[in-house]
Amino acid sequence: EQQHADSSADVNGSSSSSTSSQPDNAPGVPLQQQFPVILANEVMYELAHAQLVAAAIRHRLAHGGRALLCCELRDQAVFDMFRDSCRRWGLRYRALKVHAASADLGGIRGRERDYEGGFLLMAVDHAAAPAVDWHRDDFEAVV
């Protein structure tokens, strides 16, 4: 597709193709390109991350699209900031608290305490053009 053939300027001002085989360069994405689905896992650790992720979703999520995020619940304030930022950007935010099954904790032996807050599964879409085909319907509207 054309989007992969577009060139972009790097920080030094030189032009490089988004299909570059240089391992140090991430592929370029046209500035206005949007996506029908955005998936994110473990992307928010600080308050600033919450604001940046919400802004990125607003910019990159196509109308009628959906974003699904899952993060370990370490600091509730980060997720409150994300919820508030989503609303400020005209995004609908819903969430579901998920606790790992004891059988799933095998990979984190000795660190179970780090996950005692469980995980937060978050569903985000545009309030003015919500997605109609979510894979589940048990997300809770958060006020």
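Reader: How many residues does helix 3 have, and what distance does helix 3 reach from its first C-alpha to its last?

Author: Helices here are DSSP runs of H or I with at least four residues, strands are runs of E with at least two, and both are numbered from the N terminus. The expected span is 1.5 Å times one less than the number of residues. Helix 3, residues 76–88, has 13 residues, and against an expected 18 Å its reach comes close, at 18 Å.

Reader: What kind of model is this, and which pLDDT do local features need?

Author: Residues are numbered from 1 along each chain as its sequence is written, and side-chain values use heavy atoms, with hydrogens and water left out. This is a predicted model in which totals for chains, interfaces and linings use all residues, side-chain atom pairs count only at pLDDT 80 or more, and local features need pLDDT of at least 70.

Reader: Which residues of helix 3 are buried, and within what arc do they fall?

Author: Buried means under 20% relative accessible area, with exposed over 50% and partly exposed in between, for a 1.4 Å probe and protein chains only. In helix 3 the buried residues are Val78, Phe79, Phe82, Arg83, Ser85 and Cys86. Taking the directions from the helix axis to the C-beta atoms, these buried residues line one face of helix 3, because seen down the axis they fall within an arc of 165 degrees.

Reader: Which residues of helix 2 are buried, and what arc do they cover?

Author: Helix 2 has 14 residues and reaches 20 Å, close to the 20 Å expected. Its buried residues are Ala50, Val53, Ala54, Ile57 and Arg60. They lie on the same side of helix 2, because around the axis they cover an arc of only 145 degrees.

Reader: Which residues of helix 3 does helix 2 meet?

Author: Contact means heavy atoms within 4.5 Å, and helix 2 is among the elements covering the buried residues of helix 3, as are strand 4 and strand 5. From helix 2, Leu47, Ala50, Gln51, Val53, Ala54 and Ile57 meet Ala77, Val78, Met81, Phe82, Ser85, Cys86 and Arg88 of helix 3.

Reader: Are helix 2 and helix 3 roughly parallel or roughly antiparallel?

Author: Axes are lines fitted to C-alpha atoms, for helices over the stretch in contact, and angles run from 0 to 180 degrees between N-to-C directions. The two helices pack at an angle of about 30 degrees, with their axes 8 Å apart. Angles under 35 degrees count as roughly parallel, over 145 as roughly antiparallel, 65 to 115 as roughly perpendicular and the rest as oblique. Helix 2 and helix 3 are therefore roughly parallel.
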